[in-house]
Amino acid sequence: MRLHSKILFALSTATALSAAPLSFDFKDPKGVNNAVFKLDAPLEAINGTANGVSGTLSFDPENPSKTTGSIVVGTGSLHVANPMMKDHMLGAQWLDAAAHPEIRFEIARIGAVKADGGNFSGEVTGKFTLHGVTKEITVPVKATYLKDKLGMRVPNQKGDLLVLRSTFTVKRSDYGINPGAPQDKVSDEIEITLSLAGASPR
Amino acid sequence: MKTLLRRLSVILALAASVTWLALGRNTGWTKTSVTTMKTDPVTTLEYPVTEKRFVPGVDLLGLCLAGAGVLAGLSLLRPRTPAARP
């Protein structure tokens, strides 16, 4: 009877553990996590990167549509190659990094989820905050769940990785980023590409 | 003086052009860093690696060529001649 109870307890615990969503931390010590932004205006193309990524997601590989959490990019980590352009970009007239130090995307719901082994894709709807303005947007996301692969990036650390990729476009005028600036020099459309890996250590 | 200004003008224009050509013929703005994309072997994510490097752009080239033009223009000015005494 005792053995029977123990087996039942072990089975129920294992089931509960396997069903529990995993928490993935996107503050990557290797500095791989990044956002690339592109503004392609007729007179000038502006390309830049950002690597100040953080945030956590709760992800269940058995039920990816229930994923919750948020991704944050530090505004001050945005980088372009020309130092004067960078000063202007982070200054009060454009992104105003001092007043709005974070760019945030908070997941509200996920639809059109397709799963293929450890690969998932879906339409993620959430609150996107840029320059202090929050709007609900829907973005396509591809995710790859790499079970037990954390040790390949962080030696002697067991755990899983969650890789996210997404490319979407927002309009700077929607977020009050110098809306009066000529759009032939600075495009209204900002194409953002996110390349992120989150770690869930055990 | 005229010869000196003209020589300076030519030297400035040549130095600026050669430097701009040698450092990458960048047709954009001057850069103080260069970003290249690498691929993480585990996640296969592409990530930027930024290194500090000075790459002159057309703004700096234009400024130097304009400076050379000003020097050349100055060399064409006639020196003031003292008024002839009666």
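Colleague: Is Leu63(B) buried or exposed?
Modeller: This is a predicted model. Leu63(B) sits in helix H2 of chain B, residues 58-76. Exposed means over 50% relative accessible area. Leu63(B) has 59% relative accessibility, so the label is exposed.

Colleague: Which residues make the nonpolar surface patch of about 360 Å²?
Modeller: Leu63(B) belongs to that patch.

Colleague: Which element gives the most to the lining of the largest cavity?
Modeller: The largest cavity has a volume of about 330 Å³. Its lining has 24 residues, with Leu57(A), Ile107(A), Val124(A), Val141(A) and Leu164(A) nearest the centre. Strands of chain A give two or more residues each, including E4 (53-59) and E10 (159-171). With five residues, the top contributor is E10(A).

Colleague: How many charged residues are in the lining of the largest pocket?
Modeller: That pocket has a volume of about 800 Å³. Of its 33 lining residues, Ile46(A), Met85(A), Met89(A), Trp94(A) and Val186(A) are closest to the centre. Helix H2(A) supplies the largest share, four residues. By class the lining has 26 nonpolar and two polar residues, and the charged count is five.

Colleague: Which strand of chain B gives two or more residues to the lining of the second largest pocket?
Modeller: The second largest pocket holds about 520 Å³. Lys31(B) is one of the residues nearest its centre, as are Ile46(A) and Asn47(A). Chain A contributes through E2 and E3, and chain B through strand E1 (31-39).

Note on methods
Residues numbered from 1 in each chain as written. Chains lettered and ligands numbered in written order. Predicted model: local features only at pLDDT ≥ 70, side-chain atom pairs only at ≥ 80, totals over all residues. Heavy atoms only, no water. 1 Å grid on protein atoms, 1.4 Å probe; cavity = no way out; pocket = protein on both sides within 12 Å on 5 of 7 lines; lining within 4 Å. Points joined across faces, edges and corners; volume = space filled by probe spheres on them. Patch = residues over 30% accessible without salt bridge, like charges linked within 9 Å, V, L, I, M, F, W, Y side chains within 5 Å. Areas by Shrake-Rupley, 256 points an atom, 1.4 Å probe, with all protein chains shown as cover. Salt bridge = Lys/Arg side-chain N within 4 Å of Asp/Glu carboxyl O. Buried < 20%, exposed > 50% of the residue type's maximum accessible area, 1.4 Å probe, protein only. Nonpolar A, V, L, I, M, F, W, Y, C, P; charged D, E, K, R; others polar.
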